[in-house]
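My entries follow in the order I made them.

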Amino acid sequence: MAIVDSLESAEIPLAGSPFPVFNPQDTIIRKSNSKQLDNLNRIPFSEADSAILQIVPGIGQSTAARIVKFRESIGGFYSKNQLSEVYGLKPETIDMIWEYFDFSPSVLKKMEINQIEVEELAKHPYISYAEAKVVVAFRKQHGDFQSPDDLKQIKIFKKEWIDKIAPYIDFQ
């Protein structure tokens, strides 16, 4: 009997996996290139589009698009920590972003809480349809909101949630 040193030489067909193959290169944390950083102007993160975000190691086309889409859907970032809410963005990559961009809180889009209707309010990623219905019903029953503290009168809402949505609300 001959010793077979591989399946192929024994004429056994090799089957491929229908699942993506693990690539160790995908998990390597690449250090930023200080020479590259010397050649770049740091711009505000709020001004970076999906093409510019790809300068950061670990951010490709789809991740950059997700970051921009999330930023636009919530109305801008008021905290660096909000980047952790972007699907697929690793903490190491988030740290790397701040080597390339400056951060200053910039909420670009606010919702007029005293005029907005349920459907429009519920479009914000932080506000569900049920929460929007409660906010609008409370406003209609008790009058206009003057500040985030007025939302605290709605007993079912946690302070943390109110603090999270407050930067996106215009109380005028």
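**Ground rules.** I am working on a predicted model, where local features need pLDDT of at least 70, side-chain atom pairs count only at pLDDT 80 or more, and totals for chains, interfaces and linings use all residues. Residues are numbered from 1 along each chain as its sequence is written, and side-chain values use heavy atoms, with hydrogens and water left out.

**Whole chain.** I counted eight helices and four strands in the protein chain. Helices here are DSSP runs of H or I with at least four residues, strands are runs of E with at least two, and both are numbered from the N terminus. I read the order from the N terminus as α-β-α-α-α-β-β-α-α-α-α-β. Of the 172 residues, 31% are buried. Buried means under 20% relative accessible area, exposed over 50%, and partly exposed in between, with a 1.4 Å probe and protein chains only. I then took contacts (heavy atoms within 4.5 Å). Among those between residues at least 6 apart in sequence, 57% join residues at least 24 apart.

**Helix 3.** I checked the length of helix 3 (residues 61–74). Its 14 residues reach 20 Å from first C-alpha to last, close to the 20 Å expected at 1.5 Å a residue. The expected span is 1.5 Å times one less than the number of residues. I listed its buried residues as Thr63, Ala64, Ile67, Val68, Phe70, Arg71 and Ile74. They cover an arc of only 160 degrees around the axis, which puts them on the same side of helix 3. The arc is taken from the directions from the helix axis to the C-beta atoms. An α-helix has 3.6 residues a turn, so residues three or four places apart point the same way. Gln61, Lys69 and Glu72 are exposed on the face turned away from the buried side. The buried residues of helix 3 pack against helix 2 (50–53) and helix 4. Just after helix 3, Gly75 has a positive phi of about 100 degrees.

**Helix 6.** I repeated the check on helix 6 (residues 129–142). Its 14 residues should span 20 Å at 1.5 Å a residue, and the end C-alpha atoms are 20 Å apart, which agrees. Ala132, Val135, Val136, Phe138 and Arg139 are its buried residues. They fall within an arc of 160 degrees seen down the axis, so they line one face of helix 6. Lys140 and Gln141 are exposed on the face turned away. The buried residues pack against helix 5 (118–121) and helix 7 (148–151). Gly143 follows helix 6, with a positive phi near 100 degrees.

**Tyr100.** Buried or exposed, I asked of Tyr100? Tyr100 counts as buried because its relative accessibility is 4%. Tyr100 lies in helix 4 (residues 91–100). Its C-alpha is 7.8 Å from that of Ile43, 57 residues away along the chain.

**Voids.** I found one cavity of 30 Å³ or more. The largest cavity holds about 40 Å³ of space. Its lining includes Phe45, Arg71, Phe77 and Asp102. The second largest pocket holds about 160 Å³. Its lining includes Ile74, Gly75, Met111 and His124. On a 1 Å grid over the protein atoms alone, a cavity is a set of points where a 1.4 Å probe fits but cannot get out; a pocket is an open set with protein on both sides within 12 Å along at least five of seven lines; lining residues have an atom within 4 Å of a point. Grid points are joined across faces, edges and corners, and a volume is the space filled by probe spheres set on the points.
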